[in-house]
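User: I have a model open and want to go through some of its side chains. Can you take me through it?

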Amino acid sequence: MKTKAVIPAFVDIIPDRLEEGALYICERYSTAIHKCCCGCGEEVVTPLTPAGWSVSKQGDRVSLSPSIGNWDYKCRSHYLIINNQVIWAGALSQRQVEQVKARDKADNEAYIAAVNLKKDREASLWFRFTKFLRYIFRK
């Protein structure tokens, strides 16, 4: 049976047994997990990252974005979770799925490159020297 709404559960550790209709959110480990909303029973793990999924809270309601596309599951379900409601999205062709995967991969690679560039910049001697000078002249 399709799930029409989820109940958010903020947890420190993901439980061994997931309940239908519950969206477990573990901020400590930046992960959300739930049973597929189509009713197939598959566990859907959504890592929460700047280049991936994010959870937004409004009172006791949550939204998970972007959409959940279970392309690798037999059900191939596609839906959004907005304000605890499950909104069913249209099916995508295999070509569209490949485009989404390619875009997700590119987004992730760009995010990792930006993080690494920032680390390299912060580690450079010149950056540390100019940071030191800014610290001295603020006093």
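**Side chains and surface**

Analyst: Lysine 2 lies over the face of tryptophan 88, 4.4 Å from the ring centre. A charge counts as over a ring if NZ of Lys or CZ of Arg is within 6 Å of the ring centre and within 35 degrees of the ring normal. This is a predicted model, where local features need pLDDT of at least 70 and side-chain atom pairs count only at pLDDT 80 or more, while totals for chains, interfaces and linings use all residues. Residues are numbered from 1 along each chain as its sequence is written, and side-chain values use heavy atoms, with hydrogens and water left out.

User: How many aromatic pairs are there?

Analyst: Two. Rings of Phe, Tyr and Trp (its six-membered ring) pair if their centres lie within 6.5 Å; planes under 30 degrees apart are stacked, over 60 edge-to-face, and the rest tilted. The rings of tryptophan 126 and phenylalanine 129 are tilted, because their planes are at 40°, with centres 5.8 Å apart.

User: Where do tryptophan 126 and phenylalanine 129 lie?

Analyst: Both are in helix α2, three residues apart, about one turn of the helix. Helices (H or I, at least four residues) and strands (E, at least two) are DSSP runs, numbered from the N terminus.

User: Is tryptophan 126 buried or exposed?

Analyst: Exposed, at 62% relative accessible area. Phenylalanine 129 is partly exposed at 40%. Buried means under 20%, exposed over 50%, and partly exposed in between (1.4 Å probe, protein chains only).

User: Which residues form the nonpolar patch on the surface?

Analyst: Trp126, Phe129, Phe132, Tyr135, Ile136 and Phe137, with about 740 Å² of accessible area together. Patch residues have over 30% relative accessible area and no salt bridge; like charges are joined within 9 Å, nonpolar side chains (Val, Leu, Ile, Met, Phe, Trp, Tyr) within 5 Å. A salt bridge is a side-chain nitrogen of Lys or Arg within 4 Å of a carboxyl oxygen of Asp or Glu. Tyrosine 135 sits in helix α2, residues 125-138, and is partly exposed at 48%.

User: Switching to histidines. What does the side chain of histidine 78 contact?

Analyst: The side chain of serine 67, through a polar contact of 3.0 Å. That term means N or O atoms within 3.5 Å; within protein, one must be able to donate a hydrogen and the other to accept it, and residues adjacent in sequence count only if both atoms are side-chain atoms. Histidine 78 is in strand β7 (residues 78-82) and is buried at 11%.

User: And which side chain does histidine 34 join?

Analyst: Tyrosine 79, by a polar contact of 2.7 Å. Histidine 34 belongs to strand β3 (residues 31-35) and is buried at 1%.

Definitions and conventions. Accessible areas come from the Shrake-Rupley method with a 1.4 Å probe; for residues, only the protein chains shown count as cover.
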